[in-house]
Protein chains: 2
Amino acid sequence: MDNWDEVRTAFQVARMGTVSGAADVLGVHHATVIRHIDALEGKLGVKLFQRHARGYTATEAGEDLLLVAKATDDQFSQLEGRIKGSGDAVSGELVVTSLESMARLLAPIMTDFQAEYPEVIVRYLTGARLFRLEYGEAHVALRAGPKPQELDNVVQSLGRLRLGLFASPSYIERHGKPSGADDLAGHRFVGPDETRLRAPFLTWMKDNLKPEQIVFRTMDAIATEQAVIAGAGIGFLPLWVSHDHPELQEVMPALDEWSGELWLVTHVDLHRTTKVQAFVNFLKDRAAADWVCS
Amino acid sequence: MDNWDEVRTAFQVARMGTVSGAADVLGVHHATVIRHIDALEGKLGVKLFQRHARGYTATEAGEDLLLVAKATDDQFSQLEGRIKGSGDAVSGELVVTSLESMARLLAPIMTDFQAEYPEVIVRYLTGARLFRLEYGEAHVALRAGPKPQELDNVVQSLGRLRLGLFASPSYIERHGKPSGADDLAGHRFVGPDETRLRAPFLTWMKDNLKPEQIVFRTMDAIATEQAVIAGAGIGFLPLWVSHDHPELQEVMPALDEWSGELWLVTHVDLHRTTKVQAFVNFLKDRAAADWVCS
DNA sequence: CATCTATTGTGAGTATTTGCACAGAGAGGG
DNA sequence: CCCTCTCTGTGCAAATACTCACAATAGATG
């Protein structure tokens, strides 16, 4: 039973009762149908049909095959309907991944997206390791830094993530507010724990600050934010935190060199699907409205 | 979804996770697998797999297909087992047809056959019209007269059905017993109702008897037998009736020209099956033992 | 009873599919 | 860090399967 097409042919012959009728339905020549039946019977070692001039009638084995193949035909038809429909429907899972630091940006957007497309179940993957689109781990990824070069990925720019240097009123009260880029010596900073990262603002930190100035070190974006709010030091935060925490003060005008490009990445095999396109467009609209300007 | 082989290929790819692995299982080249997947995705308009250097991972649509195709694979395997097994098993229905007059011969044989193969359900078709093997109405037919010439039928001789002229004691008591072939005038006979039949003993009756001598006419073999037993007249009965009714007397030695050839007919498509062969052999053994000699 | 139509069955030519060889790309190991 | 191994992807040649044409048979029909 290693050739499902022959089963399908036999099914149509059993259903129609004639080779010619089956050939019409299948859209092939009747000689092809005869050869399929002969091959299948040869492999099974059992006659499936009795031949006579008025057509083929199924034997017991043929009747058995008819029942099984009819069920298969139904199931394949339903499958085809589901698959073709699902291609245009925005439903099922939508898996998004990004660096942990993006959670504050993405969570509200994904919430709104789910509200607009109630059929969708949104999963947001974030963690230590990079989830890979190539393995189907996620449909959409948000990446920062240099433009991703993976071959099978569709990469589009989402704009720049603008950062500013913020300090809390409690910090300014104790240490004062720097007057400008030249007045940072002696100030305390909140920064990342690792120096291997290549984000643009980190380069600036290494160039303009002494290592001992970074008194609070963490990899966690939320922890950074909380540390700045608590007054542990001056820290880089996205410009839009002033929406949630208007008490924070920008200690100096944001420099362009601090901002990093944001990339919206999808796998080429999924990029064309309606579901992914719906999310991508939704995300781009919101990004343009919320991030880039403010 | 008009190519079940492509579905089967996609199923193996989803199961194995790699094109190469699926190609090994299917016994085809991996390029063929790739082309099948591409064709199927093209027809469905949806990506079933995400391609990467380490293999293929199924999308949601691919997962759906995997489930359906796995069920199909299971069902086909079971079907194959049933069909291949049923080819060698003596089970299911065995349909036998013959002229009504054979019922007395065949019924005990079929009963014994069923006892030896309890898995078999024996159906015995008999009636006015001829049941045709070509249409699958019966597996085995018993025919009398000239050798059947149907193209698709396997015909083998089962020997001659020997008939004798019998009379009951009550008839002999009233009308006497003919002394021989020359002493039949004035005797009463039990015979067939129709004259169109071509059985050899009918020809003899037409040649040697006046029509008015046939006083009891019936097409039914049982009725003929009962009429002879009741003394309605002299009648042609198979020689073996003396087993069941030893009181009947043969009024004259049986002539060879009375006997007709018996043919055992099977359809060529079913002749090779174990079930049919089992019955054919069983029938030939019993025929040799019961009919030909006695 | 002759004819007509619908069906199966088979041989030959053609077209599509398949197999092979090689290239490219990651992943893992020493 | 390089090397190797596996897996995917593609152009080209061969094999297989398909289509076409014709023959034959058996009902159907007038």
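Predicted model: local features only at pLDDT ≥ 70, side-chain atom pairs only at ≥ 80, totals over all residues.
The contact draws 47 residues from chain B and 48 residues from chain A. The size of an interface is often expressed as the accessible area that is lost when the parts come together. Between chain B and chain A the buried area is about 4,300 Å², and carbon and sulfur atoms give 60% of that area.

Seven salt bridges are counted between chain B and chain A, and one of the salt bridges joins Arg82(A) to Asp64(B), with the closest N and O atoms 2.7 Å apart. Twelve residue pairs are found in polar contact across the interface, with both residues at pLDDT 80 or more. On the side of chain B that touches chain A, the elements that give two or more residues are helix H1 (4-16), H3, E1, helix H4 (60-88), strand E3 (92-98) and helix H10 (268-271) of chain B. The largest share of that side, 16 residues, comes from H4(B). By class, the side of chain B that touches chain A holds 17 nonpolar, twelve polar and 18 charged residues.

Of the atoms of DNA strand D that come within 4 Å of the protein, sugar and phosphate account for 68%.

| Protein residue and atom | Atom of DNA strand D | Distance |
|---|---|---|
| Thr32(A), side-chain N or O | phosphate oxygen | 2.8 Å |
| Arg35(A), side-chain N or O | base oxygen | 3.3 Å |
| Val19(B), backbone N or O | phosphate oxygen | 2.5 Å |

Both chains supply elements that give two or more residues to this surface, namely helix H3 (30-44) of chain A together with helix H2 (19-26), helix H3 (30-44), strand E1 (49-52) and strand E2 (55-58) of chain B. H3(A) gives the largest share of the surface near DNA strand D, four residues. The residues of this surface divide into eight nonpolar, eight polar and three charged.

Note on methods. Residues numbered from 1 in each chain as written. Chains lettered and ligands numbered in written order. Heavy atoms only, no water. Near = heavy atom within 4 Å. Polar contact = N/O pair within 3.5 Å; in protein donor to acceptor, adjacent residues only side chain to side chain. Nonpolar A, V, L, I, M, F, W, Y, C, P; charged D, E, K, R; others polar. Contact = heavy atoms within 4.5 Å. Buried area = accessible area lost by both parts, 1.4 Å probe. Salt bridge = Lys/Arg side-chain N within 4 Å of Asp/Glu carboxyl O.
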